[in-house]
Amino acid sequence: MFNLKFSMFSGTRDLEEKIDEMHDKIIESAMCFRQAFDIYFKEKRSLNYRRISKKMKNIEAAADDLRREIESKLYIHNLIPDLRADVLQMVENIDKVINEFDEVTHKFYIEQPDIPSQYQEKFGKLVREVSECAENMAIASRAFFRDFTTVRDYAKKVFLWERESDKTWAELKQEVFDSDMELAHKIQLNTLIGDVADVADKAEDCIDSVLIFTIKRDI
Amino acid sequence: MDLSYLFFLSSGLFLGWSLGANDAANIFGTAVGSKMVRFKLIAGVACIFVVLGSVFGGSGASATLGHLGSVNALSGAFMVALSAALAVYMMLRAGVTVSTSQAIVGAIIGWNLYAGKHTDIATLLQIVSTWTLCPLISGLVAVLLYMLSKRIQKCSSMHLLMRDQLTRIGLILTAAVGAYALGANNIANVVGVFIQSCPFKPVKFGNILTLNPTQVLFLLGSTAISVGILTYSHKVIKTVGNNLMRMSPMVALIIVLSQAAVLLLFSSVSLHNWLEASPLPTIPLVPVSSTQAVIGAVLGIGLIKGGRNINWGIIGKIVIGWITAPLMAMIICFISLFFLENVFNQTVYLVQ
């Protein structure tokens with residue numbers, strides 16, 4: 001009886017853990033993203049930055065593996081047939097946010113843009129807002145599996161942080177183009193600022209679908 | 001045993017097949033439709049419990065049906081069951097789930113009219129009143145269970161996947177209870193009219209179990225129901241499926257549970273006896289329609305959610321089916337009895 005009970009729920013428990021781990025990966029990547037920029041502002045492309053960029057790559061690779069495992073397990077164990085497509089889309093969206101964190105970190109490593117000191121504070125603010133946005137998205141998305149009301153609460157936070165990041169992005173962009181830097185430098189910074197801000201947009205898209213799935217689940 | 005009895009019984013078995021094909025969709029249609037449980041597994045469970053319910057709990061409701069019209073000739077009983085089966089089958093072919101209970105009542109009235117027998121109006125009213133009472137009670141039970149589940153859902157922080165797995169187990173268990181209740185309540189529809197002319201002898205299974213002649217008849221009837229479940233119910237589920245209202249697996253579970261509760265309520269002899277001994281009003285032991293119980297439950301939940309998801313077109317079609325099926329069975333029975341008596345020289349009723 002114990003064995004039967006164990007085997008009946010073991011697949012479910014295993015998948016629960018995998019989904020939780022997937023959410024942990026966003027939080028890890030958001031923290032890593034913040035750390036990466038702290039290092040970059042201080043040391044530019046140093047050994048430390050290389051290490052943190054490598055760490056981000058590992059997180060991204062682990063998230064990819066988790067996504068594949070979750071997808072196959074959902075089908076193998078025929079779990080949540082009515083919500084399977086939604087959960088798969090959620091997992092893919094989460095993976096996209098992690099990919100974006102990794103891409104931006106790597107882009108800074110490759111391009112080594114020169115960020116003048118007067119913009120570093122605002123740049124750091126944008127990075128923090130984007131990270132907050134992604135972290136809150138992870139909490140909301142995790143809550144989808146356990147508690148509806150929390151989804152709404154944290155979704156609100158995601159929207160707020162995304163709006164803040166949009167504001168900071170617009171200000172920073174304006175400041176860059178108002179400066180005396182060379183046009184090529186301005187364009188490079190503008191693209192990179194846009195890439196950082198895009199992470200928040202991706203997190204917002206993800207939470208939009210989570211909210212729709214929550215409404216669907218409540219029906 | 002006279003072999004002609006088996007020939008005449010074939011119409012009852014055909015009705016049993018129709019009931020299995022039609023009513024199994026009510027017990028586990030939502031579970032299969034929502035892809036929560038595989039058809040083969042749940043159909044197997046349902047077959048076992050339909051047989052158990054029929055053999056061990058089917059006596060109560062069949063007595064009431066006997067009061068409506070005691071079909072006293074074997075060929076008459078054959079035609080009553082055949083008419084009901086044909087009416088159900090025709091409606092099934094038209095893609096409408098109907099009530100076998102209503103069809104058999106219509107056919108018995110057709111027999112009463114043909115034989116010039118008096119239809120016991122009190123019993124008829126009692127049966128007809130349950131046609132209203134059954135969806136009402138089922139709807140009420142469903143609403144209560146739905147509210148309870150919502151509350152539990154709010155209080156507990158169970159993971160979605162774990163809840164899904166428990167719902168799956170719940171769907172299988174309630175399908176078992178629902179199948180037992182269906183067997184207990186509806187076996188009277190299938191072979192109830194053959195009880196009076198039952199020629200079977202008691203069957204002993206070692207020293208453990210002895211089935212009386214009526215139970216042997218019920219065993220045959222329930223086997224026919226099981227064949228209906230296994231051979232045709234999947235098609236009905238595909239036709240009906242989730243058409244009434246989009247529903248989550250949890251709602252599907254509540255609907256099956258409400259239906260099973262109502263069917264048990266109208267067929268449990270022990271509950272009836274207990275109520276009779278107490279000052280509370282008794283619940284008549286009447287074969288009720290599992291289709292009506294399901295529709296009542298779906299409507300109850302649909303209405304409490306604001307009625308947006310209900311497909312009223314399908315509901316209307318089903319309600320029309322409820323009126324058409326007994327009328328059709330009555331007319332088919334009346335005309336067929338005429339042919340059976342005058343063309344095939346069969347005694348369709350005995351003058352007492």
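This is a predicted model: local features need pLDDT of at least 70, side-chain atom pairs count only at pLDDT 80 or more; totals for chains, interfaces and linings use all residues.
For the model, the ipTM is 0.76 and the pTM is 0.77.

Chain A is built from 6 helices and 0 strands, so its pattern along the sequence reads α-α-α-α-α-α. The C-alpha trace of chain A extends over about 75 × 40 × 20 Å along its principal axes. Of the 219 residues in chain A, 38% are buried. Among the contacts in chain A with a separation of 6 or more, 82% join residues 24 or more positions apart.

Two loop residues of chain A can be read side by side. Ile80(A) sits in the loop between helix 2 (47-76) and helix 3 (84-111) of chain A. Its phi is positive, about 30 degrees, although Ile80(A) is not a glycine. Ile80(A) counts as buried because 25 C-beta neighbours fall inside 10 Å, and the cut-off for a buried residue is 20 or more. Gln112(A) belongs to the loop between helix 3 and helix 4 (117-143) of chain A. Gln112(A) is not a glycine either, and has a positive phi of about 45 degrees. With 11 other C-beta atoms within 10 Å, Gln112(A) is exposed, since a residue with 12 or fewer is classed that way.

In chain B, the packing of two helices can be followed in detail. Helix 1 (residues 3-33) and helix 2 (residues 39-57) of chain B pack at an angle of about 150 degrees, and their axes are 10 Å apart. That angle makes helix 1 of chain B roughly antiparallel to helix 2 of chain B, because angles over 145 degrees are placed in that class. The crossing of helix 1 past helix 2 of chain B is right-handed. From helix 1 of chain B, Ala24(B), Ile27(B), Phe28(B), Ala31(B) and Val32(B) take part in the contact, and they meet Phe39(B), Ile42(B) and Ala46(B) of helix 2. By class, this contact comprises 8 nonpolar residues, with no polar and no charged ones.

The last step is the meeting of the two chains. Here 12 residues of chain A are in contact with 14 residues of chain B. The side of chain A that touches chain B consists of 7 nonpolar, 1 polar and 4 charged residues.

Definitions and conventions
Residues are numbered from 1 along each chain as its sequence is written. Chains are lettered from A and ligands numbered from 1 in the order in which they are written. Two residues are in contact if their C-beta atoms, placed from the backbone, lie within 7 Å. Ala, Val, Leu, Ile, Met, Phe, Trp, Tyr, Cys and Pro count as nonpolar, Asp, Glu, Lys and Arg as charged, and the others, Gly among them, as polar. Axes are lines fitted to C-alpha atoms, for helices over the stretch in contact, and angles run from 0 to 180 degrees between N-to-C directions. Helices (H or I, at least four residues) and strands (E, at least two) are DSSP runs, numbered from the N terminus. Angles under 35 degrees count as roughly parallel, over 145 as roughly antiparallel, 65 to 115 as roughly perpendicular and the rest as oblique. A crossing is left-handed if the near helix is turned anticlockwise from the far one by less than a right angle, and right-handed if clockwise.
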